[in-house]
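Good morning. Please look at the sequence and the model before I start.

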Amino acid sequence: MKFLLLLGLVAVALAETTHFEGSCLCVWRPLQVDFWRPESPELVTIDIDVDIRVPAFYLDMVYTRLDQIDMEHEVLIEDLEDAVNRERDSGPTPRAHSYTKYNDWNTVQGWMNTIASSNPNLISKQVIGNTYEGRPMTVLKLGKKSSVTKNAIFLDCGIHAREWIAPAFCQWFVKEALSTYGSDSQMTSLLDQMDVYVLPVFNIDGYDYTHKSNRMWRKTRSRKSGSSCIGADPNRNWNAGWCTIGASSNPCSDTFCGYSPESEIEVKNVADFIRRNKSIIKAYLTIHSYSQLLLFPYSYTFQLAAHHSELLKVAEGASAALRSLYGTSYTSGPGAATIYPAAGGSDDWAYDLGVKYSYTFELRDTGRYGFLLPESQIKPTCEETMLAVKYIAAYVQKNLY
């Protein structure tokens, strides 16, 4: 069950009283709800809608309190289990890889091996390290082979495990890049002159867990001795205003910042790779869902980035290109001011490192399906997002620094 709320549920427990007859001292145990948007209760303000998944056990209690305090709300998903089942609405899941299905990790891994071996002139793969649970993190390098080092764009998908449309896009991007090279002048020029590094699934352990155990899992799967809480938020774990705002120091929180910057091995592996290639990586693009946003630094501060005007201009151009296909509307702007402040994000870290064109996509939709975007929407979502990514890539290609 998911609600759009305008105030926290705890408000009813704080009602004023002038007399004490019949009252008692009670222990208040907050409801165990799952914040979908924003990502934690600390980020709730009175001027935003709040998407919350409420376990069935609490539904009667929640309905009663909503009625008591006359809080505006809307039920978007009546039965979450049914929505999970209907997410795969384009037919039975094939054993083979499909670009219009949500492929599990083993299928994605097999696809990477096959596509790299089938296109040796345009693609190669490199393992940049292993995840906490020992899975290889493979980066695909797309670009025409060259005797000289080329400038590059880094693209990653699936930092948050439950955002399945994100890895679907990275796979789609690779397909489109390879299939249109030689026929699409823009893609041909891009891969002739630059390389694109693609990490199809960033949070592999978490992604695998969402397919096998808990569809709504968000974090990594790391463990620390002495704590029963598992994982950290890999998009709060970067050394960019780390754990100062919009992140939690509670290991059980979905926005847990980790025990130190880059404490999550997945984050460290990617950070090390980008640091090693800092001189050639000119753009960093990271794909998330949901909300239909195109964000850029900063999220850990309300201070505007040094290149704010240019970053906004490019984001608005990319959003217009995206909208031109199906009319899907995106909002562009710096993260903190556009949605909410959140420290430790990868785009802020990349920008501070010197990667000027650093963007975060929040793909479809705006809440009707949330993280459970049906498979029938993979194709249109990826098609329109390709237009935005190609717009940014073309701009970067013409404005190297």
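How are helix 4 and helix 5 oriented relative to each other: roughly parallel or roughly perpendicular? Bear in mind that this is a predicted model. Two packed helices are described by the angle between their axes and by the distance between those axes. Here helix 4 covers residues 165-180 and helix 5 covers residues 185-193. Their axes lie 9 Å apart, at an angle of about 95°. Angles of 65 to 115 degrees count as roughly perpendicular, so helix 4 and helix 5 are roughly perpendicular to each other.

Which residues meet there? Helix 4 contributes Phe 173, Ala 177 and Thr 180, and helix 5 contributes Met 187, Thr 188 and Leu 191. Sorted by class, this contact has 4 nonpolar residues, 2 polar ones and no charged ones.

Next, an annotated residue. An unreviewed UniProt entry places the feature "active site" at Glu 362. In the model, Glu 362 belongs to strand 11, which runs over residues 357-363. Is Glu 362 buried or exposed? The relative accessible area of Glu 362 is 11%. Buried means under 20%, so Glu 362 is buried.

Last, confidence. The protein chain has a mean pLDDT of 88, with 81% of its residues at 70 or more. Residues 1-17 have a pLDDT below 50, although this stretch has 62 contacts in the model beyond near neighbours in sequence. Where pLDDT is low, the predicted coordinates should not be read in detail.

Terms used:
Residues numbered from 1 in each chain as written. Predicted model: local features only at pLDDT ≥ 70, side-chain atom pairs only at ≥ 80, totals over all residues. Heavy atoms only, no water. pLDDT = per-residue confidence, 0-100. Contact = heavy atoms within 4.5 Å. Axes fitted to C-alpha atoms, helices over the stretch in contact; angles between N-to-C directions. Helix = DSSP H or I, 4+ residues; strand = E, 2+ residues; numbered from the N terminus. Parallel < 35°, antiparallel > 145°, perpendicular 65-115°, else oblique. Nonpolar A, V, L, I, M, F, W, Y, C, P; charged D, E, K, R; others polar. UniProt positions renumbered as here; feature names shortened; annotations may be inferred. Buried < 20%, exposed > 50% of the residue type's maximum accessible area, 1.4 Å probe, protein only.
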